[in-house]
Amino acid sequence: MRIVFAGTPEFAVPSLRAACGKAEVVAVYTQPDRPAGRGRGLQASPVKQEALARGIPVLQPETLKSQVSRDALRALRPDLMVVVAYGLLLPQKVLDIPDEGCWNVHASLLPRWRGAAPIQRAIEAGDAETGVCLMKMEKGLDTGPVLLSQSLAIGEHETGGQLHDRLAELGAQVLSDGLGLLRAGIRPVPRPQPVAGVTYAHKLDKAEAGLDWSQPAAVLARKVRAFNPWPVAEVVLAGERLRIHGAVAVDAPAGAQPGTVLAAGRDGIDVACGEGALRIRVLQRDGGKAITAADWLNARRDLAAR
């Protein structure tokens, strides 16, 4: 079975490894190298690095809409194309090239959280569970029928980064199961997505990072978890801009002005919210590294006495 794999970020690397374990990956498509780091030098994607380490040819077209790009894909004679967080839309003429079509590994239980940021939006919304779907791709955005799926519970204190890593491994397992069935001559049965329950996971934006103290503490605590490791929640506290890496919602007396520091000590810094208080446990000053709230208070004696 000849597979063409398309993916870009770290999330897709376990799935690439799974594909290599089940079939011949004849080529890897990934996004063009992008500037990264302080020097803004061009950096290969994690998927490209994995492919090169395995000796797999890498293609990095800017678009798949041209006749040239379609001819190049057709020349690879793929039985199946596997797409995992690739970052480019696949036109219908591309979807039609592989004999078995195109499969996509998506990090949600479709039709909930179609779109770019399903992992973070699930945490932000307070979902109790999420999972991975192996979907047969069609032209719409994550609208294709589901072939296989697996669910998992979201941990009470789990961050976006932690859930990302668990779902990446689960996605690889679901893909491996699907490829195993196909190799055995068993095509997974496509199940159309239900019409009810469709939600969209819009792309994360740095502008979302600022926390609004007038919101309930439980909402802000979920944002802190969802936005870790990026874009990382931000606040202005006692005149200083801080990035918040860890926080939990706690009870607080009613009537406190949102944004007021209610308590500060070894357990953290309690800040009044529209409902309850946010206890900040891990934070980062401008230009610094993530530290405990207690360590920050050592430099802020004006707050430590509260």
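**Buried charges and their partners**

Reply: Glu-158 counts as buried, at 8% relative accessibility. This is a predicted model, and that should be kept in mind throughout.

Me: Which residue does the side chain of Glu-158 meet in a salt bridge?

Reply: The general idea is to look for a side-chain nitrogen of Lys or Arg within 4 Å of a carboxyl oxygen of Asp or Glu. Here the partner of Glu-158 is Arg-166, with an N to O distance of 2.8 Å, and Arg-166 is partly exposed, with a relative accessible area of 35%.

Me: How many salt bridges does a search of the whole structure find?

Reply: The search finds 15 salt bridges. One of them joins the side chains of Glu-50 and Arg-17 at 3.2 Å, N to O; because Glu-50 lies in helix α2 (residues 46-53) and Arg-17 in helix α1 (residues 13-22), this pair ties together parts that are 33 residues apart in sequence. Glu-50 counts as buried at 14% relative accessibility, whereas Arg-17, at 41%, counts as partly exposed.

Me: Is Asp-270 buried or exposed?

Reply: One compares the relative accessible area with the cut-off for burial, which is under 20%. Asp-270 has a relative accessible area of 10% and is therefore buried; Asp-270 is found in strand β15 (residues 268-272). Asp-270 forms a salt bridge with Arg-279, in which the closest N and O atoms are 2.7 Å apart, and Arg-279 is partly exposed, with a relative accessible area of 22%. Elsewhere, salt bridges that share partners join Lys-206, Glu-234, Arg-241 and Asp-286 into one network.

Me: Which residues touch the most other members of the largest nonpolar core?

Reply: A core is read as a set of buried nonpolar residues joined through side-chain atoms within 4.5 Å. The largest one has 41 residues, and Phe-5, Val-25, Val-28, Trp-103, Leu-167 and Leu-175 touch the most other members. Helix α6 (residues 160-183) gives the most to this core, with 8 residues. A second, separate core of 24 residues includes Ala-264, Val-271, Leu-278 and Trp-296; Leu-278 is also among the residues that Asp-270 touches.

Me: How many of the residues of helix α7 are buried?

Reply: In general, an α-helix has 3.6 residues a turn, so residues three or four places apart point the same way. Helix α7 (residues 217-226) is mostly covered, with 7 of its 10 residues buried, including Ala-217, Leu-220, Ala-221 and Val-224. The elements against which the buried residues of α7 pack are α5 (118-125), α6, β12 (233-237), β13 (240-250) and β16 (277-285).

Me: Where is the place of Asn-228?

Reply: A loop position can be buried too, and this is such a case: Asn-228 is in the loop between α7 and β12, and its relative accessible area of 17% makes it buried. Beyond its neighbours within four places in sequence, Asn-228 is in contact with Thr-159, Gly-160, Gly-161 and His-245.

Me: Which residues make the nonpolar surface patch of about 250 Å²?

Reply: Leu-141, Val-198 and Tyr-200 make this patch. Leu-141 is in the loop between β9 (129-136) and β10 (146-153) and is partly exposed, with a relative accessible area of 46%.

Technical notes
Residues numbered from 1 in each chain as written. Predicted model: local features only at pLDDT ≥ 70, side-chain atom pairs only at ≥ 80, totals over all residues. Heavy atoms only, no water. Patch = residues over 30% accessible without salt bridge, like charges linked within 9 Å, V, L, I, M, F, W, Y side chains within 5 Å. Areas by Shrake-Rupley, 256 points an atom, 1.4 Å probe, with all protein chains shown as cover. Helix = DSSP H or I, 4+ residues; strand = E, 2+ residues; numbered from the N terminus. Buried < 20%, exposed > 50% of the residue type's maximum accessible area, 1.4 Å probe, protein only. Contact = heavy atoms within 4.5 Å.
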